[in-house]
Amino acid sequence: MASKKIQITPQPASFRFLTQRKATWISQVCVLVRAVTETVLSFKRLSCVLLLLIAFVCTAKPMHANEAEDTQPNIVVIFIDDMGFADPSCFGNPLVKTPHIDRLAAQGIKLTNFYVNSPICSASRVAITTGQYQGRWKIHSFLNSRAGNANRGMANYLDSSAPTTAKKLKAAGYTTAHFGKWHMGGGRDVDDAPLPEAYGFDESLVSFEGLGDRLISNTKGVERARALGHGKVIPCERWERMQIQTDRTIDFINRHQDKPFYVRLFPNDVHDAHVPRPGSADKFKTVSDDPYARNFFAVLQQMDQQIGRLIATIDALNLGPKTLILFTSDNGPTDWPRKYVTGPPAGFTGPYRGRKWSLFEGGIRMPFIARWTGKIPAGVTDSTSVMSAIDVSPTLCRLAGVKVEDELDGLDRGEVLLGKASPRARPVFWQYGHPHAILKGGKPEHQSPTFAMRDGRWKFLINPDGSEAQLFDLEADEGETTNLLSSQSNRAFAMAAQVSKWADDLGFQYNDAAPLTLPVPTIAIPASNQLLRFVNHGVSGDTSSLQLNGKAWLNLPAFRAPKVAGGRSLQIKATIHPSSSSGVILAHGGNRAGYSVYLDKGQLCFVGRVNGNSTVIRSEVVNDGPASFEAKWNPNGEMYLKVDGKLIGKAEAGIMQQEPADSIQIGADLIQPVGNYKTPNRFSGTIDNLTFKYPNGT
Ligand SMILES: [Ca+2]
């Protein structure tokens, strides 16, 4: 196995180089020894020995440098932000062309089974940077403010002791640089994150978020960034960022074309908001009636043009045969629930289910291109080999002849890049969601369980409590539509056991005693920028109108509940048509902390519980409605209730010190009652347009 690898990857190239170099030295030393021996016989040959000695000293060192340059490829990694699998036209964009990316693909290899390790920025960036699962560095989701990070059990930045490709290549003689989005720490109120140079980069120009010299494209952001210090803050327009980042990359390549270099171009495009150069979206009027979509296409096209400029530079310098170029994206395309109001959000996932924030394929399977002229076969598509972003670091290091530590999670996939398809020797695992992130997918069917695993053709997904277990055969069912849990239960059990072992290794909670259960019917309720998928126990209707018959209720498992303790604001709004005089509309409770809105003898009540003490605001009798209400709990501890737009009352409830213990229930309060009523206190009637608001960043 090991010898097979050595034959295929260019590691042997450097091995050959070492062997050749040693052979050269040995032959030169032999010549010297022979000459010295002969000299003993004849002092007349002293001048010859001196000449040989001079030749030896002069030729040995430069030979080393020249050969090293021949065997160490330049490396360019392009990591687009929020670009979907099918956004490049060579991966299936149905509406617009990306000719420069397509040309790169035609000159290299396309992988259609390449995965990032997270469906969100920071976490995905840590994995591709380190070659390790990001959970090892406690960066499970996007990096936020200190409080936002602490609430989710996350670090504020990538520890600078983490292994990185840049450190290893720099140690091997490469000149290194990072231009573009960083988002591995430094920004908002985090001013003590290490600069990119601490991770092995000789040069950098970052953007939101990172420290050191950085591009910032909004006025408030510029002020905030300047207040943080640590580098020059360069204001620019949003549509200028990628051109500047590409300019810097081109300048770096021009300056370092004679020695091995490693450069990362990580644009902020094509992340929303999509703000193209003024006027540049007009040409897409024939493609889409939606101005939002047109803006996206313009940003995508500008990104493609910058990629074209970069590749043209490399080719004009005749660096193609010496330069390995990787091109991919950090996670699937955006999926804000609010975008569905006017049309689908921007970005294409091809045949794949789910988008950003999802462990279904659309969130993590990315378009991937590798080009190395003369080394990587041109125009090839590998549609079987699984490769993951954690594999990028060991693969690049091996191709550069650099040692890779055993503790990396990633595998050397150099042979795949060089055109030899092969199965990945180990499964790939994912964790995204509770307790570090809330699923934000804009459609209920996009939201995935917390854990996922890909092994060969099989994909398995599961929650930490065994729920929503799903097994898919991706070769037969790339859209993840047919759950094989029941028909292939032994395979599912075996994969669940592997997920459990991996979760244990990474320090994630996972209850391996819980039975595997199938997904159950849910109804999604909007909550700020999220959809909360409540498990449906007999409720009729849909998101906009819930009909409860006195037995039906909805339940959001506690692990999915947005956090509310510690002075976060919360707001609940709905219009009710009650057919019973009492009953719980919504309760999120426990006997120490919680809140509930309920009807009591025809009066609407809002109760908050802090340290076991209840505070209640009670309305006049609303009879059978309709009555619209707004219940709000502010971060300063003040609650209020409005009915039909009129303020009913305010109260000082204080601040919950701990999260409510139970799940969130609609239409009943089944475990520990929050209010002064008896469980289950079921509601009959209709609840229309129920929405929550919770703070962002949970
Ligand atoms: Ca991203």
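## A first look at this predicted model

Helix H14 (residues 489-506) lies across strands E12, E13, E14 and E15, running at about 65° to E14. Welcome to the structure, which is a predicted model. The protein chain holds 14 helices and 30 strands, and 49% of its 698 residues are buried. Below are the sheet under discussion, a pair of helices, and the chain as a whole.

- Four strands form an open sheet in the order E12-E13-E14-E15, and their pairing is antiparallel.
- At the edges you will find strand E12 (428-431) and strand E15 (470-473), each of which pairs on one side only.
- From one strand to the next, the twist averages 15°.
- Strand E13 (residues 451-455) and strand E14 (residues 458-462) run antiparallel and are joined by five bridges.
- To find your place in this pairing, look for alanine 452, which stands opposite leucine 461 in E14.

**Two packed helices**
- Helix H4 (residues 99-106) packs with helix H10 (residues 291-316) at an angle of about 45°, and their axes are 7 Å apart.
- H4 and H10 are therefore oblique to each other.
- On the H4 side, the residues in contact are Pro99, His100, Ile101 and Leu104, which meet Asp304, Gln305, Ile307, Gly308 and Ile311 in H10.
- Sorted by class, this contact of H4 with H10 has five nonpolar residues, three polar and one charged.

**Contacts along the chain**
- Among contacts in the protein chain with a separation of 6 or more, 65% come from residues 24 or more positions apart.

How values were computed
Residues are numbered from 1 along each chain as its sequence is written. This is a predicted model: local features need pLDDT of at least 70, side-chain atom pairs count only at pLDDT 80 or more; totals for chains, interfaces and linings use all residues. Axes are lines fitted to C-alpha atoms, for helices over the stretch in contact, and angles run from 0 to 180 degrees between N-to-C directions. Angles under 35 degrees count as roughly parallel, over 145 as roughly antiparallel, 65 to 115 as roughly perpendicular and the rest as oblique. Two residues are in contact if their C-beta atoms, placed from the backbone, lie within 7 Å. Ala, Val, Leu, Ile, Met, Phe, Trp, Tyr, Cys and Pro count as nonpolar, Asp, Glu, Lys and Arg as charged, and the others, Gly among them, as polar. A residue is buried if 20 or more other C-beta atoms lie within 10 Å of its own, exposed if 12 or fewer, and partly exposed in between; C-beta atoms are placed from the backbone. Two strands pair if DSSP finds at least two bridges between them.
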